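Let's take a walk through this structure together, one region at a time. Have the sequence and the 3D view ready as you read.

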Amino acid sequence: MDATASAGQGPGPTADRAVGPAPDPSATPMIRLRGVGKTYDDGTVAVHDLDLDVAPGEVVALVGPSGCGKSTTLRLVNRLIEPTTGRIEIDGVDVTDSDPVQLRRGIGYVIQSVGLFPHRSVIANVMTVPLLYGETRRTARERARDLLATVGLEPDTYGDRYPHQLSGGQRQRVGVARALAARPPVLLMDEPFGAVDPVVRLRLQEEFHQWRAELGTTTLVVTHDIDEAIALGDRIAVFAHGGRMAQVGTPAQVLGHPVDDEVADFVGATRGLRRLAVVRLTADLVEPIGDLTLGDLGAAVSLGVSLEEALAVMLREDVPRVAVRDGARFVGVLTPDGVHRALRRTLAAGD
Ligand code: ADP
């Protein structure tokens with residue numbers, strides 16, 4: 001196999017991440033939670049004093065063990081339930097001032113068990129929402145076809161099938177297409193890829209970044225899986241028992257500096273390895289070397305890949321260093337020492 005051609009080209013989640021629209025943290029938050037709490041009637045404190053801002057276009061993953069209030073938080077945002085305390089704004093408007101039905105139409109909601117209409121075709125399922133909005137059948141159909149293509153389902157092949165004629169992963173894609181059909185400014189996803197097998201799940205996580213690059217929808221995604229949170233979120237919000245948000249930050253920040261033992265336990269003893277996936281190869285980590293050429297070195301990666309990918313190429317090709325390209329240009333080599341320096345540096349910078 002020609003390692004030079006193949007290295008660094010895989011559409012890993014971190015590689016795709018670069019394609020997404022850069023959220024602007026200084027913009028008015030699309031979702032703003034202030035002092036939000038929910039105590040259920042039986043006295044269960046599901047969410048406690050939660051503050052969170054989500055920038056337009058940003059993806060924030062709510063992650064934590066089961067029962068720590070993640071789903072409750074999502075359901076508060078679209079007013080399936082009402083908060084006991086605090087204030088929730090979407091695009092500057094207090095959600096309690098909105099009609100709940102109108103509000104929910106402006107918010108896409110994807111849940112694990114999708115909830116497709118079994119007796120309607122795939123295309124009819126996706127068209128439901130634009131039709132509700134009063135779009136013509138023709139416009140709704142075009143929109144549905146576009147969205148099916150966006151989520152990787154060829155509309156000519158899959159549009160006329162019924163949900164029972166699809167795999168679990170395909171059904172999940174239809175669920176996402178349907179949630180996006182109203183062009184919602186906000187998308188809420190609750191364990192969206194939880195019901196599919198691990199291989200399909202990885203693929204959906206990778207493709208997620210292509211959808212978001214196309215659509216730029218502000219997204220809150222709930223998962224109990226730290227790896228999924230890292231794969232999907234621009235930032236991750238780690239929930240702890242008692243509905244408390246223990247930490248929020250970029251994956252590198254949370255993995256590099258867990259605020260307390262509970263977060264450290266949750267992100268796991270192998271968090272050093274996980275950080276490899278979220279730190280990128282930059283030019284200053286590359287060592288120039290004499291008159292060697294790409295051809296002499298064989299294995300190569302491009303600037304901008306994750307350190308995980310770079311290290312994976314070294315291990316796969318069984319080489320002590322890997323050539324680094326900037327486009328077509330050969331810029332030097334990366335060694336395990338360079339990987340170590342990069343990880344140390346992100347810790348020092350609190351990055
Ligand atoms: P997560 O999504 O993190 O698994 P949930 O938000 O579903 O957690 O639940 C948070 C807590 O609230 C749990 O202790 C759960 O048992 C409790 N809970 C959820 N729904 C209700 C309800 N309708 N009535 C009482 N308690 C509830």
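By class, the residues lining the largest cavity are six nonpolar, two polar and one charged. Keep in mind as you look that this is a predicted model. You can pick out the lining by finding V176, L180, L187, F208, W211, R212, L215, T217 and T219. The space they line amounts to about 70 Å³. How many cavities of 30 Å³ or more does the count give? The count comes to one cavity.

Where do these lining residues come from? Two helices, helix 8 (168-180) and helix 9 (198-215), each supply at least two residues of the lining. Helix 9 gives the largest share, with four residues.

Now turn to the ligand. Around the ligand you will find Y40, D42, T44, A46, P65, S66, G67, C68, G69, K70, S71 and T72. Sorted by class, this shell has four nonpolar, six polar and two charged residues. Which helix provides the largest share of the shell around the ligand? That is helix 3, residues 70-77, with three residues.

In G67, a backbone N or O atom lies 2.7 Å from an oxygen atom of the ligand. For S71, a polar backbone atom is likewise 2.7 Å from an oxygen atom of the ligand. At C68, the distance from a polar backbone atom to an oxygen atom of the ligand is 3.1 Å. How much of the ligand does the protein bury? Taken alone, the ligand exposes 560 Å², and the protein buries 63% of that.

Our last stop is a sheet. In general, the strands of a sheet pair through backbone hydrogen bonds, and the pairing can be parallel or antiparallel. Here four strands form an open sheet in the order 2-1-4-5, with antiparallel pairing. Strand 2 (45-54) and strand 5 (93-94) stand at the edges with a single partner strand each, so one side of each has no neighbour in the sheet.

Look for E89, whose bridge partner in strand 5 is D94.

Notes:
Residues numbered from 1 in each chain as written. Predicted model: local features only at pLDDT ≥ 70, side-chain atom pairs only at ≥ 80, totals over all residues. Heavy atoms only, no water. 1 Å grid on protein atoms, 1.4 Å probe; cavity = no way out; pocket = protein on both sides within 12 Å on 5 of 7 lines; lining within 4 Å. Points joined across faces, edges and corners; volume = space filled by probe spheres on them. Nonpolar A, V, L, I, M, F, W, Y, C, P; charged D, E, K, R; others polar. Near = heavy atom within 4 Å. Polar contact = N/O pair within 3.5 Å; in protein donor to acceptor, adjacent residues only side chain to side chain. Areas by Shrake-Rupley, 256 points an atom, 1.4 Å probe, with all protein chains shown as cover. Pairing = 2+ DSSP bridges.
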